Amino acid sequence: MQTMLVTGGAGFIGSNFVRYVLEQHTDTTVVVYDKLTYAGRMENLVDVAENFAGRYHFMQGDICDAPAVNAALDQFGIDTIVNFAAETHVDRSILDPDAFMRTDVYGTYVLLEAAQKHGGLRYHQVSTDEVYGHIHGDHRSLETDCMAPRSPYAASKAGGDHLVNAYHITYGLPITISRGANNIGPYQYPEKVVPLFVTNALNDMHLPVYGDGGQQRDYQYVQDHCAGIDMVLRRGVIGESYNVGTGKEMTNLRMVEILLDELGKPASLIRHVEDRAGHDRRYCMNVDKLLALGWEPEYTHEEAIRATVRWYVANPWWWEPIRSGEFKEYYQRVYGQRKTLSTPAA
Ligand code: NAD
Ligand code: TYD
């Protein structure tokens with residue numbers, strides 16, 4: 001029997017992870033602890049609440065609120081914490097970094113302290129390849145590489161990772177860290193590039209490609225990431241970090257080409273716009289350490305992009321209300337004044 005607190009479990013990856021764990025492990029009970037920010041949505045867990053009523057619980061709360069976190073650990077007899085809770089969008093971190101520092105750094109500290117005070121609970125931190133910063137040449141980031149974050153988001157996540165390692169070294173807290181690549185799939189808030197572009201294209205709106213679109217990303221299907229985290233939780237060596245990705249990379253323009261092809265929409269929707277400040281050109285990780293535990297990704301980039309597009313086409317009930325709410329104001333802030341480039345930046 002395992003009783004897991006999944007913080008941020010109402011977000012994109014967290015909700016997919018909760019579904020994955022409850023399906024795979026019939027001896028596991030999951031308690032989702034989530035503040036329900038703009039990115040946390042109860043709709044993401046509707047089927048989970050129906051299908052796993054006895055083994056699933058939800059509690060609304062902030063990971064920065066130590067008494068509430070401690071109360072959740074006591075009430076449910078938690079033995080494992082998996083921390084997905086974070087502010088996660090780079091463009092928002094450029095506009096308003098404050099919430100990133102509070103949740104991604106201070107919130108992580110509150111969870112670690114609570115895990116420690118409860119006798120040393122098993123703790124897993126969900127982190128990102130962005131902590132490695134922009135990767136030069138053909139190097140693939142190794143878990144032992146120094147962190148060199150460049151955006152406020154990446155810096156706040158790196159701060160979280162440092163704290164997690166410090167709690168292991170100083171207090172012996174049984175931790176692991178996973179660093180995921182760019183995830184795509186069902187229930188991703190349409191601020192991130194793939195769901196933004198799919199839902200824009202479905203509305204015949206332009207797709208704002210930053211700069212020349214030659215940036216390289218590892219677009220990983222969310223189920224593969226969830227399976228990787230589960231593998232680290234069960235077979236990972238305590239105190240270690242694991243990269244989770246396909247180990248391959250693709251340009252943003254190639255991603256857009258596949259996305260438009262799956263939708264049957266024209267390339268004339270593409271607009272090259274002013275680049276993101278400090279935009280990391282390339283992320284790519286070596287994933288041999290996780291492969292050695294017995295995990296393997298199932299989806300190629302192209303399969304992941306096509307499956308994601310099909311989900312958004314089939315589920316307008318999920319994204320249409322989002323796009324008509326807070327999102328509209330956000331969109332205006334990020335894209336309203338953005339210059340269109342007459343020729344793509346070199
Ligand atoms: P998301 O933005 O979709 O969801 C974040 C969730 O955290 C939401 O449910 C939100 O309500 C909750 N939350 C935010 N602040 C909170 C707080 N103070 N207390 C409690 N809950 C809070 O994010 P996501 O894309 O699902 O990412 C989940 C985790 O995975 C994050 O830690 C992120 O850094 C990491 N990650 C994301 C990606 C990606 O491509 N999206 C890749 C690698 C790693
Ligand atoms: P994003 O989904 O924001 O993830 P991250 O910045 O964490 O990698 O962006 C993925 C890539 O897509 C990144 O290179 C920035 C680019 N991008 C655009 O070109 N246009 C957009 O409107 C957005 C949101 C992102």
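**Exercise 1. Identify how many residues surround ligand 2 in this predicted model, and which are the closest.**

Solution. The shell around ligand 2 comprises 21 residues. The closest of them are E130, P208, R276, H279 and Y335.

**Exercise 2. Determine which polar side-chain atoms lie close to oxygen atoms of ligand 2, using a cut-off of 3.5 Å between N or O atoms.**

Solution. Step one: a polar side-chain atom of E130 is found 2.3 Å from an oxygen atom of ligand 2. Step two: for R276, the distance from a side-chain N or O atom to an oxygen atom of the ligand is 2.5 Å. Step three: the side chain of N182 has an N or O atom 2.9 Å from an oxygen atom of ligand 2.

**Exercise 3. State what share of ligand 2 the protein buries, and describe the shell by element and by class.**

Solution. Step one: ligand 2 exposes 510 Å² when taken alone, and 97% of that area is buried by the protein. Step two: two or more shell residues come from each of helix 4 (90-95), helix 7 (193-202) and strand 8 (207-210). Step three: sorted by class, the shell contains ten nonpolar, six charged and five polar residues.

**Exercise 4. Compare the span of helix 1 with its expected value, and explain why helix 1 is described as largely enclosed.**

Solution. Step one: helix 1 covers residues 12-24, which is 13 residues. Step two: from first C-alpha to last, helix 1 reaches 19 Å, close to the 18 Å expected at 1.5 Å a residue. Step three: a residue is buried when its relative accessible area is under 20%. Among the buried residues of helix 1 are F12, I13, F17, R19 and L22. Step four: eleven of the 13 residues are buried, so helix 1 is largely enclosed by the rest of the structure.

Conventions:
Residues numbered from 1 in each chain as written. Chains lettered and ligands numbered in written order. Predicted model: local features only at pLDDT ≥ 70, side-chain atom pairs only at ≥ 80, totals over all residues. Heavy atoms only, no water. Near = heavy atom within 4 Å. Polar contact = N/O pair within 3.5 Å; in protein donor to acceptor, adjacent residues only side chain to side chain. Areas by Shrake-Rupley, 256 points an atom, 1.4 Å probe, with all protein chains shown as cover. Helix = DSSP H or I, 4+ residues; strand = E, 2+ residues; numbered from the N terminus. Nonpolar A, V, L, I, M, F, W, Y, C, P; charged D, E, K, R; others polar. Expected span 1.5 Å × (residues − 1). Buried < 20%, exposed > 50% of the residue type's maximum accessible area, 1.4 Å probe, protein only.
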